[in-house]
Amino acid sequence: MKTCPKCHIKVGGDAEYCPLCQCPLNGEDEAPLWPKTVPAAWRLALFYKIVAFVLLAGVVVCVTIDCQTEGTLHWSYLVALCVLVFLTLLRSWLRHFQSMPRLLFQVLVAVSAVAWLCDWYVHGGGFAVDYVIPILCTVTLVLNFVLAFIPGRMAENGLVYLLMNIGVGVVPYLLLFLRPDGHPLPWLVCLVVSVVTFLGLVVFRGRILLAELEKRLHL
């Protein structure tokens, strides 16, 4: 056990300095009192910083190449936008990686917004609204339905899955009624998937949903 030459106290473990006067300790090291492990939060933060550095460096390279080419359509702007959205979603996932419904909704909103902006920037003629966004909504509905059957998740977030199913599948389609030129087929498929998955949640998880409603509404 180590001792302090000034305070004359004994300090266990492998400490190098006295906890009272910060004087170097004398003696041989012992087994550490606490295991020296790297906290999970620190590892995640380091991972995020590495990914952010690599992607932002790539953006700088893309901007440099784009500035050297002729043309008015600067594709590096879209690359920078996609990188910023990805880093935002990654940061949200690293902080709330246990909340899959929340992450799915954030990814849907972010990717849909990027797709719409890209469509507007390149004058795609509404391709994102007619095809990309409804396909993303359909994929989100299917993933939401599958995740609801993972043990342990439905009991805690059953109502969230149900409300997300209604919002993603029905509300966007209702907004399309404001369009006078009809409704593309992907939105019809999205509505059908929304109804089918909604019925599946009610049929197979109806008791859990009812119990959660009673708990939240204090019935």
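Predicted model: local features only at pLDDT ≥ 70, side-chain atom pairs only at ≥ 80, totals over all residues.
**Exercise 1.** Determine how helices H2 and H3 are oriented to each other, and which residues make their contact.

*Solution.* Step 1. Helix H2 covers residues 75–95 and helix H3 covers residues 100–121; their axes lie 10 Å apart, and the packing angle is about 175 degrees.

Step 1. Angles over 145 degrees count as roughly antiparallel. H2 and H3 are therefore roughly antiparallel to each other.

Step 2. On the H2 side, the contact involves Tyr77, Leu78, Leu81, Cys82, Val85, Leu89, Ser92 and Trp93. H3 contributes Leu103, Gln106, Val107, Ala110, Val114, Leu117, Cys118 and Tyr121.

**Exercise 2.** Carry out the analysis for H3 and helix H4.

*Solution.* Step 1. H4 spans residues 127–147, and its axis and that of H3 come within 9 Å, crossing at roughly 170 degrees.

Step 1. With the cut-off of over 145 degrees, H3 is therefore roughly antiparallel to H4.

Step 2. Among the H3 residues in the contact are Met100, Leu104, Trp116 and Asp119; those of H4 include Phe127, Ile133, Thr140 and Leu147.

Step 3. The contact of H3 with H4 divides into 15 nonpolar residues, 3 polar and 1 charged.

**Exercise 3.** Identify the residues that form a nonpolar patch on the surface, and state which helix gives the most to the patch.

*Solution.* Step 1. The patch is formed by Leu163, Ile166, Val195, Phe198, Leu199 and Val202, which together have about 480 Å² of accessible area.

Step 1. At least two residues come from each of helix H5 (154–169) and helix H7 (185–217). Valine 195, for instance, is placed in H7.

Step 2. H7 gives the most to the nonpolar patch, supplying 4 residues.

Technical notes. Residues numbered from 1 in each chain as written. Heavy atoms only, no water. Axes fitted to C-alpha atoms, helices over the stretch in contact; angles between N-to-C directions. Parallel < 35°, antiparallel > 145°, perpendicular 65-115°, else oblique. Contact = heavy atoms within 4.5 Å. Patch = residues over 30% accessible without salt bridge, like charges linked within 9 Å, V, L, I, M, F, W, Y side chains within 5 Å. Areas by Shrake-Rupley, 256 points an atom, 1.4 Å probe, with all protein chains shown as cover. Salt bridge = Lys/Arg side-chain N within 4 Å of Asp/Glu carboxyl O. Nonpolar A, V, L, I, M, F, W, Y, C, P; charged D, E, K, R; others polar.
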